Amino acid sequence: MRAGLILSWTVIAVVLLWAVVPGLFTGYDPIAGVPVEKLQAPSGQHLFGTDAVGRDVFARVVHGAVNSLSGAFVAVAVGLLLGTLLGLLAGSLGGVTDAAVMRVVDVLLSVPGLLLALVMIILLGPGTVNVAVAVGVGSVAAFARLSRSEVVRVRRTDYVEAAFGSGGRFTAVLWRHVLPNSLGPVVALAALQFGVAILAISTLGFLGYGAEPPTPEWGLLIAEGRNYLATSWWLTTLPGAVVVAVVLAAGRISRSIAKESS
Amino acid sequence: MTRYLLTRAGQAVLVLWAAFTASYVLLQLLPGDSILIKFQNPELGLSPQQIADIRAYYSGGSPIGEYLRTLSGFLTGGFGYSIDTGTPVVERLGEALPETARLASAAFALAVLLAVVIAFVASYSRTSWLRGALLSVPSLFISVPAFWLGILLIQVFSFRLRLVPVIGGGELQQLVLPVVTLAVPISAPIAQVLARGIDQVYAQPFVPVIAAKGATRWWILWRHVARNAVLPTLTVAGLTFGELIAGSVVTETVFGRNGIGRLTEQAVTAQDTPVMLAVVVLAAAVFVLVNLVVDVLFPVLDPRLKAAS
């Protein structure tokens, strides 16, 4: 299965390049269309075909990468920072703090991530950044629970006891020994959540809460293609396939990180 | 045993209350004034006094008072009034619930069926490529955006093969594609845990003993291994119930069905906080209740747990 892992990293690398230098991959404009060339099926000219106003769909997917990826990065950052902070506090302080934090996590887990994100969208309003933050908030509980269990495990190890015993300050030991050693599975979860966030962001984009048209955002792209389902399959199928490939790759990479850290 | 049940029930009530309070507080932070947005339209011809009256009607004076009023409303089954339509939230939920209940229960059944087939065939098969392929199916299933899957199904089965009419058709025909759309992502975690559970049970020493006694492979899998692998699977299956409601938002939007999911989507768009609060509490209630049932079932299904407690 090494081949699968290499392929996954390749997919992620290509999509990252799409986000950074989209011009290298496509010469077409993602916003301005050529009306004469509307609704053309995929061909050598237009890899993913063209949409109703003659825009190259592949160009829109390539230029949309930056929206989806930066959104996913923000979402993972929010979940990772808030969640790990909560988990670290709960796991290292123990006692009442632990109980309180974990009850909050229980409550967060009892509401499905998408609904939580929708509540955040009611609160923050639609928009790309807000959607990313909303998705991130939905993943706080998962990060908190995992990092807490890791911290609890690492805290009981001999080297942490030794660090405390030799007079290490609480925060210093936490920072130098507990945090780095409990981070492996958390990083694996972050990789997984990266894929999950892309999925969630495209879902919210599809529902119309993310980027405004004509911004090329993957979920929005698929939503726009819905009106031409009967005639132009490529408008929805191909951008969706790209999302699937990226999410699959993130999941595969996550599993390899998890295996290596255990 | 009763003690265990009472503690678990108490915890469930506590989580539910906290979920209500948290979402209530969050939704109260709303910067926009949804009442003003809806009623300030000059065409309605409402005077500022009337708008103030409407606001007084929706709110209960002090923040604490309003919170207590809403909470007691929820406890007695009154969820307030939808800001969007002005009708009682209970009424809107009641209209939407049967549709989603049908969709979700069928989808859950299909998800479990899919998961069992994937895990069983993968474990039973001696062909390693088939096993590998089947075991990678769940990762594919969770990587597929549900809205895209729904669109793909419509494209293939409605427009290409013309097996399912796009509009019209019987209730059953209309249900097929949405059920598949909702079931696929939910079957993935169930299949993963079941397959892993089966693998772990196979590694236990009692399995070769039964095999040495002459039991067939199918008998071992069905009678001994699967039974022991069911418990963790049950936990995961319980956890997916929240996803059923979340998934219905997407599924019902794609297929144009009027259920809880559609209601949620409308509530978000209209900033209809009373409806959103009710939906969140409903989702949390379903989740908490199902997991309570799972916890209660555990000692019943596994006598070892009963002995331990």
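Visitor: Which residues does A:I201 touch, not counting those up to four places away in sequence?
Guide: This is a predicted model; local features need pLDDT of at least 70 and side-chain atom pairs count only at pLDDT 80 or more, while totals for chains, interfaces and linings use all residues. Residues are numbered from 1 along each chain as its sequence is written, with chains lettered from A and ligands numbered from 1 in the order written. Touching means that C-beta atoms, placed from the backbone, lie within 7 Å. On that basis the partners of A:I201 are A:S68, A:G71, A:A72, A:A75, A:V131, A:A132, A:V135, A:G210 and A:G219.

Visitor: How many helices does chain B have?
Guide: Helices here are DSSP runs (H or I, at least four residues; strands are E, at least two), numbered from the N terminus. Chain B has zero strands. Its helix count is 13.

Visitor: What share of chain B is buried?
Guide: Along its principal axes, the C-alpha trace of chain B spans about 85 × 60 × 30 Å. Of its 309 residues, the buried share is 35%.

Visitor: Are α8(B) and α10(B) roughly parallel or roughly antiparallel?
Guide: The axes of α8 (residues 171-202) and α10 (residues 217-255) of chain B come within 8 Å and cross at roughly 160°. Angles over 145 degrees count as roughly antiparallel, under 35 as roughly parallel, 65 to 115 as roughly perpendicular, the rest as oblique. Therefore α8(B) and α10(B) are roughly antiparallel.

Visitor: Which helix gives the largest share of the side of chain B that touches chain A?
Guide: The contact takes 40 residues from chain B and 34 from chain A. Among the elements giving two or more residues to the chain B side are α1 (2-28), α6 (128-143) and α12 (273-301). The largest share, eight residues, comes from α12(B).

How values were computed. Two residues are in contact if their C-beta atoms, placed from the backbone, lie within 7 Å. Axes are lines fitted to C-alpha atoms, for helices over the stretch in contact, and angles run from 0 to 180 degrees between N-to-C directions. A residue is buried if 20 or more other C-beta atoms lie within 10 Å of its own, exposed if 12 or fewer, and partly exposed in between; C-beta atoms are placed from the backbone.
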